[in-house]
Amino acid sequence: GKTKEDVVLLLRVPGAADYIQNLLCSTAGASALSVPSRIAEILAAKFIREIEQISAEVRRTQLSLMKIGGENYMKSIEDKTLGMKISEVSSKHSSSNQESSDKTIVRIEWHTKSSIAQGRPPQVQKIYKTHFDVLEKSYKNLTSAEDPGMVHFLTRLFVLLCRYDLIGDIKNHCQAIIPPMALKAMSSTFGVAHECFASPLSNTCSSFNSTLFPDTDRFFGSLGSFFDFIPFEGSYQVNPPFCGETLKFLLDHIFGLLQHSDNDKNALSFLVVFRGATDILNHVKRMHFCRRIATIENSPNYFVSSQHKDTVS
């Protein structure tokens with residue numbers, strides 16, 4: 001069967017409940033709510049549960065329309081029918097050495113019937129043209145049979161950008177930057193050619209998994225969730241966008257893959273990068289698969305999820 005295209009599911013975002021709970025409990029800042037922790041826990045769970053219910057309703061409606069409309073349904077969600085429009089603008093960009101240059105930005109606008117009728121401005125997503133061109137090429141190569149006319153490209157890209165805008169702040173709390181020199185060393189020394197936790201907006205390897213939104217990312221090169229990925233050989237970079245107990249689940253998955261691999265015939269290895277936690281490190285040290293642990297004591301840096309877009313103009 002075809003892969004389901006669900007709307008945003010908060011349960012796919014590791015730590016989402018904790019993040020919402022922390023927002024409710026916050027006592028600092030102009031928007032502090034100072035909700036007691038026990039009540040915040042209940043409200044966060046209720047919020048996510050209701051979002052999931054809405055998701056299920058949307059999915060049922062979508063399936064009903066597909067059943068009724070057949071091919072006409074796919075035509076009804078083409079970019080042109082949905083009101084997707086594209087344009088390009090130039091923007092001044094300042095580099096770290098204070099030199100400014102012009103960058104071309106692609107604007108994708110969603111002109112809904114209601115926004116037009118009410119005179120409201122369209123919803124807009126912006127992306128640097130260099131990133132846009134890469135995603136367009138990837139989409140074209142992957143969907144040439146399914147969408148030869150690329151009549152769904154703008155809508156799928158728009159949804160992709162919305163998804164990563166939504167979880168950017170949560171994701172950036174945990175995912176560490178890997179410097180270009182380190183990435184090069186991983187490739188040349190260990191033969192790393194696949195990222196287990198990337199996205200179409202951040203991948204440095206052409207082969208990658210994206211665990212958060214595999215349903216939308218698959219159109220742009222993702223091989224799906226790492227937790228559904230079963231490699232038998234090769235060297236893989238693992239830089240998860242989460243921390244805490246979920247890391248233990250991730251490491252158990254890796255150890256399970258190593259346990260079932262045939263070391264005599266195929267070499268399988270994982271280079272894992274994450275924020276240090278004593279309990280997690282102790283868990284790793286107990287496993288005989290662990291070959292080496294290197295700890296960096298200086299302050300960590302984190303991915304800026306908006307590297308693909310201009311956040312100023």
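This is a predicted model: local features need pLDDT of at least 70, side-chain atom pairs count only at pLDDT 80 or more; totals for chains, interfaces and linings use all residues.

Gln237 has Leu271 as its bridge partner in β7.

**Sheet**
- Strand β6, residues 234-238, runs parallel to β7 and is joined to it by five bridges.
- The open sheet has four strands in the order β5-β4-β6-β7, and the pairing is parallel.
- Its edge strands are β5 (207-208) and β7 (268-272), each of which pairs on one side only.
- Strands of a sheet pair through backbone hydrogen bonds, either parallel or antiparallel.

**Helix α1**
- In helix α1 (residues 16-25), the buried residues are Ala16, Ile20, Gln21 and Leu24.
- These residues lie on the same side of α1, because they cover an arc of only 135° around the axis.
- In general, an α-helix has 3.6 residues a turn, so residues three or four places apart point the same way.

**Asp215**
- Asp215 is located in helix α9, which spans residues 214-217.
- With a relative accessible area of 2%, Asp215 falls under the 20% cut-off and therefore counts as buried.
- The side chain of Asp215 makes a polar contact of 3.2 Å with the side chain of Arg163.

**Whole chain**
- The chain contains 11 helices and seven strands.
- It has 313 residues, of which 38% count as buried.
- Among contacts in the chain with a separation of 6 or more, 62% are between residues 24 or more positions apart.

Definitions and conventions
Residues are numbered from 1 along each chain as its sequence is written. Side-chain values use heavy atoms; hydrogens and water are left out. Helices (H or I, at least four residues) and strands (E, at least two) are DSSP runs, numbered from the N terminus. Buried means under 20% relative accessible area, exposed over 50%, partly exposed in between (1.4 Å probe, protein chains only). Contact means heavy atoms within 4.5 Å. A polar contact is a pair of N or O atoms within 3.5 Å; within protein, one must be able to donate a hydrogen and the other to accept it, and residues adjacent in sequence count only if both atoms are side-chain atoms. The arc is that of the directions from the helix axis to the C-beta atoms. Two strands pair if DSSP finds at least two bridges between them.
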